[in-house]
Amino acid sequence: MSDTHAHTVAYVRDTMLPPEVPPAAERGVIRWMRANLFSSWFNVLLTILGLAVLWSLLAGILPWFWNSVWVADSLSECREIRDALHGTGEEVSSACMAVITERWNQLLFGFYPQDLYWRPVAALIVFLAALGPVLFASVPRRLVWFTAAAPFLMYWLLWGGSIGGPLAVALGFAAAWGAFVLGSRFSGALAATIGAIVVPLLYWLLLTGPVAGLIGAVIPIELQFVPSKDFGGFMLSFIIGVAGIILSLPLGILLALGRQSNLFIINKCSIAFIEVFRGVPLIVWLLTASLLLNYFLPPGSNFDLMLRVIILVTLFAAAYLAEVVRGGLAALPRGQYEAADALGLDYWKAQRLIIMPQALKISIPGIVNTFIGLFKDTTLVVFIGLLDPIGMSNAIRADTSWQGINWELFVFIGLLFFICCFSMSRYSQHLERRLRTDHS
């Protein structure tokens with residue numbers, strides 16, 4: 001059709017119309033509701049039932065929280081204030097949140113000295129800063145040295161004492177690394193692995209005390225010592241959970257590699273460790289830490305209960321993580337191992353550069369699930385006498401001023417655990433999206 005003929009036809013448009021927004025029913029909230037809530041009669045029925053259940057729950061919860069009493073010295077005073085403000089009928093629902101404002105310090109810090117609260121707060125800041133180089137790609141990787149030093153700095157801030165103790169313990173890890181490097185260079189993988197285990201254990205058992213005293217004499221820096229019996233509340237759960245998470249991941253990776261190893265001793269020892277710790281409930285191991293572990297120690301030795309709990313929680317979580325990581329290793333195609341061999345990489349370089357990054361990427365959901373379960377299981381320490389948030393709430397409710405109060409304490413404790421667990425879950429989803437290589 002010629003240009004002249006096109007201009008003589010009435011229905012041929014020679015200009016573009018400006019774009020218009022879609023109809024209201026096809027965009028925004030209305031479109032989402034039509035697609036997800038009212039797309040069929042069955043979805044309409046489920047939506048109505050869901051709204052009815054939600055309304056029945058909120059009708060009981062919102063007035064209870066809205067009518068809360070935040071300032072009072074006891075439960076009876078809470079009720080007096082409630083009656084004065086909202087009447088005395090049975091239909092009046094009111095939460096006594098005054099127990100939170102009155103005892104928040106015990107729920108968070110236990111019996112830690114109040115004038116030293118800045119130290120747990122500083123330790124938390126150090127912990128969050130140390131996570132940066134590990135969790136976020138935008139943070140400079142050279143700061144990973146601060147991440148490596150953070151656990152020892154956090155220990156010193158929380159417990160106090162001479163700075164020589166944490167530094168002496170840190171030297172044990174340096175000794176483990178040196179033994180592994182020397183063993184790999186002169187003997188082989190088996191000797192290097194055994195040396196990396198035996199050398200630091202001997203150092204920590206025999207030389208930590210003298211070395212700590214020497215360092216303390218050279219660097220006389222001290223903080224007021226706080227015994228473990230003063231730890232409690234959410235701080236106690238956080239310390240046990242974070243220590244277990246940080247220490248169990250590398251140990252779980254090593255156990256997973258050991259279970260797949262062709263070396264007979266390493267393979268069988270790894271299998272025995274995993275099956276023993278995974279086959280016994282955590283509460284049994286905690287009772288073992290509380291009651292039986294001292295029987296296996298030299299007479300007169302005093303092994304801190306909190307440290308015993310951290311060790312056994314770490315070993316228990318490592319057994320589960322080993323199986324999660326082993327699943328990721330099993331999911332890799334054989335070609336990845338053959339590619340590493342074709343490049344001439346030795347075992348450890350192949351694991352570090354090719355195999356383990358892919359296996360850990362596959363295992364992210366299982367690893368985070370194990371971490372969340374471990375963090376929540378820290379409440380089991382209440383059965384061995386440690387005052388975690390649940391134990392601290394029992395102690396608060398035993399006070400005559402607050403006898404009869406339940407929900408307010410448990411809602412506050414549940415909210416704290418939810419924030420931590422939800423944060424771990426959201427980060428794992430972010431990490432999965434960032435590491436995603438397919439574009440479907």
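# Notebook: salt bridges, cores and rings

The bridge links distant parts of the chain, since Arg259 sits in helix H11 and Glu323 in helix H14 (residues 305–331), 64 residues apart; helices here are DSSP runs (H or I) of at least four residues, numbered from the N terminus.

I note for the record that the model is predicted, that local features need pLDDT of at least 70 and side-chain atom pairs pLDDT 80 or more, while totals for chains, interfaces and linings use all residues. Residues are numbered from 1 along each chain as its sequence is written, and side-chain values use heavy atoms, with hydrogens and water left out.

I checked accessibility, taking buried as under 20% relative accessible area, exposed as over 50% and partly exposed as in between, with a 1.4 Å probe and protein chains only. Glu323 is buried at 16%, and Arg259 is buried as well, at 17%. Arg259 also meets Glu275 in a salt bridge of 3.1 Å, N to O, which joins helix H11 (residues 233–259) to helix H12 (residues 264–278) across 16 residues. Glu275 is partly exposed, with 35% relative accessibility.

**Entry on Arg103.** The structure holds seven salt bridges, and I looked next at the one between the side chains of Arg103 and Asp399, at 2.6 Å from N to O. Arg103 lies in helix H5 (residues 98–109) and Asp399 in the loop between helix H17 (389–398) and helix H18 (407–434), 296 residues apart. Arg103 counts as buried at 16% relative accessibility, whereas Asp399 is partly exposed at 25%.

**Entry on the nonpolar cores.** I take a nonpolar core to be a set of buried Ala, Val, Leu, Ile, Met, Phe, Trp, Tyr and Cys residues joined through side-chain atoms within 4.5 Å. The largest has 59 residues, and Tyr112, Phe231, Ile239, Val309, Leu329 and Val381 make the most contacts inside it. Among the elements giving two or more residues to this core are H11, H12, H14 and helix H16 (347–377), and H14 gives the most, with 13 residues. I then listed the partners of Leu329 (contact meaning heavy atoms within 4.5 Å): leaving aside neighbours within four places in sequence, Leu329 touches Ala256, Leu257, Gln260, Tyr337, Gln351, Ile355, Met356 and Ala359. A second, separate core of 30 residues includes Ile364, Phe412, Cys420 and Cys421.

**Entry on the rings.** I pair rings of Phe, Tyr and Trp (its six-membered ring) if their centres lie within 6.5 Å, and call planes under 30 degrees apart stacked, over 60 edge-to-face and the rest tilted. The count comes to 20 aromatic pairs. Trp41 and Phe42 form an edge-to-face pair because their planes stand at 80 degrees, with ring centres 5.9 Å apart. Trp41 is exposed at 67%, and Phe42 is partly exposed at 43%. Elsewhere I find Phe127, Phe234, Phe238, Phe375 and Phe417 linked into a cluster by ring pairs.

**Entry on domains.** By an automatic or database assignment, the chain is divided into domain 1 (21–65), domain 2 (101–112 + 229–435) and domain 3 (162–223). The centres of domain 2 and domain 3, taken over C-alpha atoms, are 24 Å apart.

Methods. A salt bridge is a side-chain nitrogen of Lys or Arg within 4 Å of a carboxyl oxygen of Asp or Glu.
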